[in-house]
Amino acid sequence: MTRPDQPASAAVSDDALFGPEAADYARYRPGLPDAVIHLLAAAQHGVPTPVLLDLGTGTGQVPRALLPVLRRLAHVYLVDVNASMLEAARAAVEPIRGACTVDVFTGAAHDFAPAVPGRAPTLITCSRSFHWMSRPEVLSLADQVAAPHAVVAIMGDGSLWTHEANWTAALRALIQRYLGEDRRAGPHGTYAEPDRPYEDDLADSAFSAVTEHSFPVARTWTPEDVIGYLCTTSFARPLLFAGHHPEFEAAALRLLQDHAGGGVLKEDAVFTVLLARRPGGDA
């Protein structure tokens with residue numbers, strides 16, 4: 001599965017990585033492809049009252065996209081270690097939730113505990129977030145709280161750091177000139193290569209029946225939107241540059257404008273979804 005590299009230290013705090021930028025995160029991070037949302041909704045076929053547990057919800061991209069499609073969604077659990085992200089997620093979901101109820105849990109994904117008995121999750125999602133988590137512990141937690149035929153969806157599409165294009169390569173080189181060769185993971189660490197694929201994590205868990213779904217995604221960025229996006233990342237957020245961020249931002253904007261044909265930059269990504277069930281669960 002295509003995904004970002006692993007952080008070198010699992011102790012990196014998501015609050016330190018993504019603390020004050022919830023509004024920019026919601027504005028500049030790409031949403032989920034429509035095909036992915038319809039896949040998640042189809043995975044709840046035959047479930048009369050689906051319950052969503054969204055781990056690492058960030059600003060609530062998954063429930064915001066799923067609620068209008070899966071209209072019988074009965075309850076949503078929003079889980080994140082970052083309180084400002086959760087506040088943004090709750091606010092974004094509120095106008096569209098209808099009769100769906102919402103609970104918020106602030107803390108690590110593997111520490112989640114349902115607040116209301118009898119609302120076992122039937123769909124557990126980790127969108128662009130599984131790499132920040134203690135993965136075996138999260139999957140063990142999922143086994144403890146999930147309904148018998150629940151579906152776990154691990155999904156993502158990498159980042160502009162991992163995307164291979166002329167403009168992203170040039171941008172990555174510029175970041176490295178300021179911050180060093182290693183990809184940063186916030187103020188306290190760097191990234192390392194993944195120690196194992198997500199498929200292996202799932203194979204060792206209760207959710208070992210896995211199907212993989214890949215969706216090509218074509219995106220266009222303006223140079224200004226890329227600059228906004230960089231400010232929300234763990235590898236190029238402003239505080240990493242100390243007093244040099246204005247200098248870096250000006251250089252990055254010039255670079256991106258030089259590469260932008262017709263004022264836009266193209267990204268051809270692949271959004272991958274691993275749908276996992278307990279053996280014998282409904283396919």
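**Salt bridges and an enclosed strand**

In the predicted model, Arg219 and Glu267 are joined by a salt bridge whose closest N and O atoms are 3.2 Å apart. This pair links distant parts of the chain, since Arg219 belongs to strand 8 and Glu267 to strand 9 (residues 265–277), 48 residues apart. Arg219 has a relative accessible area of 11% and is therefore buried, buried meaning under 20%. Glu267, at 3%, is likewise buried.

Arg219 also meets Asp157 in a salt bridge, with an N to O distance of 2.4 Å. Here, too, distant parts of the chain are linked: Asp157 lies in the loop between strand 6 (151–156) and helix 7 (166–179), 62 residues from Arg219 in strand 8 (residues 209–221). Asp157 is buried.

The structure contains 10 salt bridges. One of them connects Asp201 with Arg135, the closest N and O atoms being 2.4 Å apart. Asp201 in helix 8 (residues 198–203) and Arg135 in helix 6 (residues 135–145) are 66 residues apart in the chain, and both are buried.

Strand 2 (residues 51–55) is largely enclosed by the rest of the structure, because five of its five residues are buried. Val51, Leu53 and Leu55 point one way from strand 2, whereas Leu52 and Asp54 point the other way. Strand 2 pairs in the parallel sense with strand 3 (residues 75–80) over five bridges, and Leu52 has Val76 as its bridge partner in strand 3. Together with helix 4 (residues 61–66), strands 2 and 3 make a right-handed β-α-β unit. Strand 2 also pairs in the parallel sense with strand 5 (residues 123–127), over four bridges; Leu53 stands opposite Ile124 in strand 5.

Key:
Residues numbered from 1 in each chain as written. Predicted model: local features only at pLDDT ≥ 70, side-chain atom pairs only at ≥ 80, totals over all residues. Heavy atoms only, no water. Buried < 20%, exposed > 50% of the residue type's maximum accessible area, 1.4 Å probe, protein only. Helix = DSSP H or I, 4+ residues; strand = E, 2+ residues; numbered from the N terminus. Pairing = 2+ DSSP bridges. Right-handed = clockwise from strand over helix to strand, strands pointing away. Salt bridge = Lys/Arg side-chain N within 4 Å of Asp/Glu carboxyl O.
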